[in-house]
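I opened the notebook to look up where the ligand sits and what surrounds it. The entries below follow the order in which I checked things.

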Amino acid sequence: MSEIKLVFTGSVGAGKTTAIATISEIPVINTDVRTTDIIKLSHRKEKTTVAMDYGELTLDDGQKLRLYGTPGQHRFDYMWKILIKGALGLIILIDNAGSDPIGDLARYIDYFREFINETSAVIGITHLDVAGEPHLQLYYDYLYQQGIHLPIIQVDARSRQSVVMLIQALIAMLEFGQ
Ligand SMILES: Nc1nc2c(ncn2[C@@H]2O[C@H](COP(=O)(O)OP(=O)(O)O)[C@@H](O)[C@H]2O)c(=O)[nH]1
Ligand SMILES: [Mg+2]
């Protein structure tokens with residue numbers, strides 16, 4: 001049975017931990033701690049991931065997905081390098097309700113540029129139900145300026161169907177060797 005490692009990364013509060021928990025068929029391993037315990041986060045989150053999330057999902061064809069979530073905060077970015085090793089695909093989640101979502105995307109694209117060029121990635125924009133702006137077109141404009149062609153998909157990390165669609169888009173790209 002083949003196994004595929006996928007990594008979820010993206011801004012704090014975008015929904016990485018939730019997305020993995022929503023689709024995982026095993027109880028997720030997660031290293032969330034209360035934000036007040038580690039840092040005064042000026043954010044609406046009670047908990048944040050300090051090391052990683054881990055879950056698993058078996059597709060209909062028997063392929064097993066190993067799902068890793070990175071901590072969002074840049075102060076833990078040493079974990080990003082560790083988690084991305086051996087990964088076949090990257091899912092970048094961006095919180096559309098954040099203070100600078102396009103800037104967030106820019107930072108993750110910059111950090112993972114080499115990986116994206118060598119393998120594959122999809123971008124999921126969350127919280128569009130609570131923040132309609134910026135429109136997806138602005139994200140496309142940014143990628144276009146960067147000469148990067150990746151799918152950008154609206155996603156709600158709380159919805160299994162929504163997260164599975166995002167993953168299927170990534171798998172399809174892997175199969176086409178993009
Ligand atoms: N309204 C709304 N809430 C979402 C969406 N996606 C995730 N959330 C919520 O956002 C919060 C932060 O998610 P979390 O998974 O901890 O983010 P992480 O920091 O990326 O791991 C949780 O309360 C989720 O239920 C979305 O599309 N819309
Ligand atoms: Mg998290």
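For residue classes, I count Ala, Val, Leu, Ile, Met, Phe, Trp, Tyr, Cys and Pro as nonpolar, Asp, Glu, Lys and Arg as charged, and the others, Gly among them, as polar. I am working with a predicted model, in which local features need pLDDT of at least 70 and side-chain atom pairs count only at pLDDT 80 or more, while totals for chains, interfaces and linings use all residues. Residues are numbered from 1 along each chain as its sequence is written, chains are lettered from A and ligands numbered from 1 in the order in which they are written, and side-chain values use heavy atoms, with hydrogens and water left out.

Entry on the pocket. I searched a 1 Å grid over the protein atoms alone for pockets, a pocket being an open set of points where a 1.4 Å probe fits, with protein on both sides within 12 Å along at least five of seven lines, and lining residues having an atom within 4 Å of a point. The largest pocket has a volume of about 360 Å³, taken as the space filled by probe spheres set on the points. Of its 20 lining residues, I noted Gly13, Ala14, Gly15, Thr18 and His127 as the closest to the centre. The lining divides into 4 nonpolar, 9 polar and 7 charged residues.

Entry on the ligand. I found that ligand 1 takes the space of the largest pocket, the criterion being that more than half of its atoms lie within 2 Å of the grid points. Around ligand 1 I listed 17 residues, the closest being Gly13, Lys16, Thr17, Thr18 and Asp129, where near means a heavy atom within 4 Å. I then looked at pairs of N or O atoms within 3.5 Å, the cut-off for a polar contact. Oxygen atoms of ligand 1 lie 2.8 Å from a polar backbone atom of glycine 13, 2.7 Å from a polar side-chain atom of lysine 16 and 2.8 Å from a side-chain N or O atom of threonine 17.

Entry on the backbone. I noted a cis peptide bond between glutamate 133 and proline 134, with omega about -5°. Histidine 127 has a positive phi, near 65°.

Notes
A polar contact is a pair of N or O atoms within 3.5 Å; within protein, one must be able to donate a hydrogen and the other to accept it, and residues adjacent in sequence count only if both atoms are side-chain atoms.
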